[in-house]
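Have the sequence and the 3D view ready.

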Amino acid sequence: MSASPILVVKVGSALPALVARRGDFEDWFALGLGVATEVVDVAAGAPLPEAPSAILVTGSGAMVTDRADWSERCAGWLRRQVEQGVPTLGVCYGHQLLADAFGGTVENNPLGRQMGTTVVEALSAARTDRLFGGLPDPLCIMTTHVQSVTRLPDPDALEVVRLAVAARDANHAFRIGPSAWGVQFHPEMDAEVIRAYLDVRAVELEAEGFSPAALGAGLRDTDHGTQLLRRFAQIARGDA
C-alpha cells in the first residue's frame, strides 16, 4: 500500500465568490478523497512530475478545443502516465483531456449544455469495474459543462471501455487500460456550488432555453460523488 499523496492537477479555478467562502477545486477534492493530496497548477505554468503515484485532473472553465499550450503539455504528460499504469481520474475537463490525449473527439455537445443534478446510468461493464463496481446505480450527481467526449478513443495498446451514460451524454464515464478513468460529472461538487454557477450563468442559460429556477429546484445532494472519490483513493493507495 502506498501512502504517497494523490497528485491533483489543477487546470482551472472555481468562481471567486466560492473560492473566498469554500476554497477552490483542489480543496473540494481533498475533502472528498479523504487522503493526502499534492497540488500542481498546470494552468499557471507549474511543471508536471514524471513519477506521481496517482493523478486526479480537475475541471476548468477553459475548453480542451482551445488547445492552450499548458493543456497540450498536460495531455502528452497524461498519456505517458496512463501508459505506465499510474492510477488516474479525470473529472469534467480532465475527462475530456484524457479522451483527447488518446485520440478521442471533444467538442461542443450537440445536445447542448448539461447543468444541475444529473442521473448517470451505469452500463454492464461498470458492474465489474474497479472504480464503478459497487457504487449506487444510477448515480445522482452534479454536472456543469458545454463540451463533451462525443467519440471515445479507438482501442490501441490500451483497452477503452464505456462505463456510464446520461441523457445528454453517451460517453459520460469511461476507462482506459486497467486504472485510468474519465467522468464528465463533478463528484467534488454539491448543490450549493451548482446553485452559485446557475446564478452566474443565468443569462446564458435563459438564452439557451433553460430555466435557471427550474434547474435550481431540481438540485439534490447525495453522497454518490464522495463514494466514488473514496473508492478512487482506495485504488490509488493499493487498498482495492
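**Salt bridges and a helix crossing**

The structure holds 15 salt bridges (a salt bridge is a side-chain nitrogen of Lys or Arg within 4 Å of a carboxyl oxygen of Asp or Glu). Keep in mind that this is a predicted model, where local features need pLDDT of at least 70, side-chain atom pairs count only at pLDDT 80 or more, and totals for chains, interfaces and linings use all residues. Residues are numbered from 1 along each chain as its sequence is written, and side-chain values use heavy atoms, with hydrogens and water left out.

**Why charges pair**

- Side chains of opposite charge can pair when their charged atoms come close.

**D190 and R22**

- D190 and R22 meet through their side chains in a salt bridge, at 2.9 Å from N to O.
- D190 sits in the loop between β11 (180-183) and α5 (191-200), and R22 sits in helix α1 (residues 16-22), so this pair ties together parts 168 residues apart in sequence. (Helices are DSSP runs of H or I with at least four residues, strands are runs of E with at least two, and both are numbered from the N terminus.)
- D190 is partly exposed at 21% relative accessibility, and R22 is partly exposed too, at 27%. (Buried means under 20% relative accessible area, exposed means over 50%, and partly exposed is in between, with a 1.4 Å probe and protein chains only.)
- R21, R22, D190 and E192 are linked in a network of salt bridges.

**E208 and R113**

- E208 and R113 form a salt bridge, and their closest N and O atoms are 2.8 Å apart.
- This pair links distant parts of the chain, 95 residues apart: E208 is in the loop between α6 (202-207) and α7 (212-217), while R113 is in the loop between β5 (105-108) and β6 (114-122).
- E208 counts as partly exposed at 40% relative accessibility, but R113 counts as buried at 8%.

**Where α2 meets α8**

- The axes of helix α2 (residues 25-33) and helix α8 (residues 224-236) come within 8 Å and cross at roughly 75°. (Axes are lines fitted to C-alpha atoms, for helices over the stretch in contact, and angles run from 0 to 180 degrees between N-to-C directions.)
- That makes α2 and α8 roughly perpendicular to each other (angles of 65 to 115 degrees count as such).
- On the α2 side, F29, L31, G32 and L33 meet T226, L229, R230, F232 and A233 of α8 (contact means heavy atoms within 4.5 Å).

Definitions and conventions. Angles under 35 degrees count as roughly parallel, over 145 as roughly antiparallel, 65 to 115 as roughly perpendicular and the rest as oblique.
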